Amino acid sequence: MDKMKKIQPFAVPLSFEAHRLAEQHWRQQTHPQKARQVYLNTLAIFAVNEWLQCLEFETDWEASDSYNPLSIRFMDVADLVVKQVGKLECRPVLSDSELCEIPLEAREDRIGYVVVKLDQTLKRAEILGFTSTSAESIPPDQLRSPEELISYLSRYAKENVRLHQWLVGVVEHGWQTLEKLLSPEQLELTFCFRRQIEVSRGQCIDLGMTLGKQSVALIMTVSSEIETELEIGVQVHPIGQIYLPPGVQLIVTDESGTDFAVSSRGADNFIQKEIIAAIGDSFSVTIAIGEAKVRKNFTV
Amino acid sequence: MEDELLRQLAQEAKRYPRGSKERNLALHKLINMIWTSSRLGHPKRGVCPEAIYEDIRNEAVLRVMHEIARKIEGYDPLYPVMQWVNGLLGFRFLDVWQEYENRGIVGAPRKGSSQDPVRVRSLDELEMDWSEAEERSETDQLRQFIEEDPEKLLIRHIQGRPEATLKVLFLAMLDGLSWEEISKNFNPPIAKNTVYYFVDRNLRRLQPYLQKHLCE
């Protein structure tokens, strides 16, 4: 039954620098279990950070919540900001077979969860693998390899859609015209700003889950009245059905990290959010059902 | 043959542009193979105390890993990869040793003063060091500040649940209670998610206020 080929972990030595950082955060704790967790979390983040930096991904550990002394007094978070991509949560485990648990506060706003094994001497870390779907715990056999994480991050880093260029006919590969995604009835329901120049494109989003695949269409409609601004309509339509299943969430996150969310309730043909943004701003759109999430980044 | 495989990986990495997926994948395999190779050298034995040799070497290996990635274009396929790597390792080893020796940072484990040199702790030592540190009984300034709440900002509570104030919740979190435990501390229990979102939102908002615990 075990069809998994053995994943080759990536090993990172942990020495003075790693432990110096771990100790720095550890010393500020007052609760023994939290202190221990903070020490191990820091070692796990250190390993991932070193690995990513060898591979020329730009990280910003100091901008992460895990580096903020106040945040880690309260929350068990081990996030690492990967520039232009997002946050990776780096969780330590002490054996290959251990179930990696992800605390509630670490399940939001992450593009992936990396599991790092630490040995008893704490001199060696092994990056075992990752998952892109948030969950309460990650069984070891559901981990994807570190190589896959490299591909995943590379894809994310490149995938920044520039919406203002849509208005001059430059649309990124993978964004289709609406007729390819929606039924004629659904086409009637898409955004219409009633302006001369308005462009709509969509993408099929697969929310692969354990219960079965859900596909929805993310439709972006872009228009402009003032030169310095874009009006953007974001919609989520079901594919192959009339109604969206209940509990589909559309979350638009602006540059400051503020979320605007809308959810489907069961008899919705679509859900939507309209935003107005200045050219040059960036935002992201997350579509989620339960714990399964997909995120897309946009530059206005 | 390991040599041949390493050479191929190095050449593969050289072939692709910096930051490309293909290069990253090749570097990843190459570095992993080098670091776990039995032929990775043990340079300069005898230069530093044996007790910290492994740690100095580990620090040096880490630096060499970065160096290989940075300088892969400079790798000459005429020479075996391990020869190149071990050469680098010898130099980095001395660099690390000198740095840490100068900073007075390495040494045999010592009992707890706050001027402790950096120690590479094992899990067991972590437990031990913590219990020794506890005897120092520093007052928890953050905790005191929350209890005092000078500007009375922490009286804010979860909607409909006046007993679930930020003060109560923050203190519970500092005490290491799980979300489950916090949730059940209330009668009737408050959903974990409700507690979490409330705390998270307010924690972000009140960062500047809570930072004031650092000022006397």
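Visitor: Where does P188(B) lie in chain B?

Guide: Start with the naming. Helices are DSSP runs of H or I with at least four residues, strands are runs of E with at least two, and both are numbered from the N terminus. P188(B) sits in the loop between α8 (179-184) and α9 of chain B.

Visitor: What ground rules apply here?

Guide: This is a predicted model: local features need pLDDT of at least 70, side-chain atom pairs count only at pLDDT 80 or more, and totals for chains, interfaces and linings use all residues. Residues are numbered from 1 along each chain as its sequence is written, chains are lettered from A and ligands numbered from 1 in the order in which they are written, and side-chain values use heavy atoms, with hydrogens and water left out.

Visitor: Which phi does D109(A) have, positive or negative?

Guide: Positive, about 60°, although D109(A) is not a glycine. The residue belongs to the loop between β4 (100-101) and β5 (112-118) of chain A.

Visitor: In what order do the strands β1, β2, β3, β5 and β6 of chain A stand in their open sheet?

Guide: The general idea comes first. Strands of a sheet pair through backbone hydrogen bonds, either parallel or antiparallel. Here, two strands pair if DSSP finds at least two bridges between them. In chain A the order is β1-β6-β5-β3-β2, an open sheet with mixed pairing. β1 (10-13) and β2 (79-82) of chain A are the edge strands, each pairing on one side only. Neighbouring strands of this sheet are turned by 30° against each other on average, direction ignored. For such angles, axes are lines fitted to C-alpha atoms, for helices over the stretch in contact, and values run from 0 to 180 degrees between N-to-C directions.

Visitor: How many bridges join β2(A) to β3(A)?

Guide: Four, and β2(A) runs antiparallel to β3 (residues 86-93) of chain A. Within this pairing, L80(A) stands opposite L88(A) in β3(A). Helix α2 (residues 32-54) of chain A packs on the sheet, touching β1, β2, β3, β5 and β6 (124-131) of chain A. The helix direction makes about 125° with that of β3(A).

Visitor: What do β12(A) and β13(A) form?

Guide: A hairpin, with four residues between the strands. In the turn, G257(A) has a positive phi of about 95°. Five bridges join β12 (residues 248-254) of chain A to β13(A), and the two run antiparallel. Q249(A) has S263(A) as its bridge partner, and L250(A) stands opposite V262(A).

Visitor: What area is buried between chain B and chain A?

Guide: The size of an interface is often given as the accessible area lost when the parts come together. Buried area is that loss (1.4 Å probe), summed over both parts. Here it is about 5300 Å², and carbon and sulfur atoms give 61% of it. In chain B, H28(B), L123(B) and W130(B) lose the most area to chain A, together 14% of what that side buries. Counted by contact (heavy atoms within 4.5 Å), 59 residues of chain B meet 53 residues of chain A.

Visitor: How many salt bridges cross the interface of chain B and chain A?

Guide: A salt bridge needs a side-chain nitrogen of Lys or Arg within 4 Å of a carboxyl oxygen of Asp or Glu. The rule finds six across this interface. One pairs E127(B) with R36(A), the closest N and O atoms being 2.8 Å apart. The whole structure has 38 salt bridges over all chains. The E127(B) pair crosses from helix α5 of chain B to R36(A) in helix α2 of chain A.

Terms used
Buried area is the accessible area (1.4 Å probe) that two parts lose on being put together, summed over both.
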